[in-house]
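I opened my notebook to look up a few things in this fold. Come along and check each entry with me.

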Amino acid sequence: MSAIREATYSNLVMFCGTTPNIGTTAAAFGAAFALAAGAGGLSVAYLCLNLKSSKIGRYIGRAAPEAGLGALRLDLKARTLTPERLEKHGLRVKGMPNLSVLTGNTQRAQAELYEPEDIEHLLQTATRTYDICVADCHAYWDNAATIVTALRAGMKLLVTMPRLDAFQDDYQAWIAETAYLFDIAPQEFELVLAQTGLYPDEYRLGEIEQVTRLAVAGALPYDRHMALEMQRGRLHEWLLQDASLKTVEKIARRIADRLGVSWEPPGEKRLLARWRLRAVKRRVEVQP
């Protein structure tokens, strides 16, 4: 186990959930988007490592992409994945050229085909290729992706809700007991609270920190419009709004501080000005 710990990747950030379907993907993708927007042009990769039912393709309007984790399976098995091929199979998000999205597995029956060594090879290649890698592992611990990523990630964020069944019951079952079997201690995680403000009887931040003994790195308030935009394939467009992006800025800043990279709140006007400048540059470059 010590040898595995020695190979920890400092630029790999893991997101996983205590509970399925509570907003882990929204938190992970939102953080990756904000990091790409405010990290001064550093390359950022969002790696969907949900091996059972990846949805990020749908959420950004690419419901059935040809690229993705499945297209790299033979490369992973043969240990021949190169940075060039990894970049080729990453999706580009409109308006954010330094963000690459690797979609996860959508065929549940193939989840067990990914072995720990395959994930090791993927993470090794990705962390060499991009400045920052954000790995979205969802809430399941019965697969190689979640376990290997938890062993390798230099920073781990646990998404939960301010509800007792999530931050106490599921936290105890999945993190305090299951993850601990792999020598992954609960204290290695920081919390991200999702869907805050949705329930009138939700627990307060201090109460959640007291129960879990983990610090809260940020919170994502419940937003019905965000949920609708995700289903419509416009999560990235929702994040372009200044108010929307502010909901993940605290998390992005926390990650940047831990990774030791420079990051500034992007702001909608500055983002639009930057993209217009890039568009002008491209038009100039293609002129004869």
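**Ground rules.** I am working with a predicted model, where local features need pLDDT of at least 70 and side-chain atom pairs count only at pLDDT 80 or more, while totals for chains, interfaces and linings use all residues. Residues are numbered from 1 along each chain as its sequence is written, and side-chain values use heavy atoms, leaving out hydrogens and water.

**The sheet.** I traced an open sheet of 8 strands in the order β3-β4-β2-β5-β1-β6-β7-β8, with mixed pairing. (Strands are DSSP E runs of at least two residues, helices H or I runs of at least four, numbered from the N terminus; two strands pair if DSSP finds at least two bridges between them.) β3 (91–93) and β8 (216–221) are the edges: each has a single partner strand, so one side of each lacks a neighbour in the sheet. I looked up β3 with β4 and found 3 bridges in an antiparallel arrangement. One residue I checked, Arg 92, has Ser 100 in β4 as its bridge partner.

**Two residues.** Is Thr 196 buried or exposed? I found it buried, because its relative accessibility is 17% (buried is under 20%, exposed over 50%, partly exposed in between, with a 1.4 Å probe and protein chains only). Thr 196 sits in strand β7 (residues 189–196). Leu 113 is in the loop between β4 (96–102) and α6 (116–129), and its 38% makes it partly exposed. Beyond four places away in sequence, Leu 113 touches Arg 73, Lys 77 and Asp 118 (contact means heavy atoms within 4.5 Å).

**Helices.** I noted that α6 lies across β1 (9–17), β2 (44–48), β4 and β5 (132–136). Helix α12 (residues 242–259) lies across β1, β5, β6 (153–160), β7 and β8.

Key: Axes fitted to C-alpha atoms, helices over the stretch in contact; angles between N-to-C directions.
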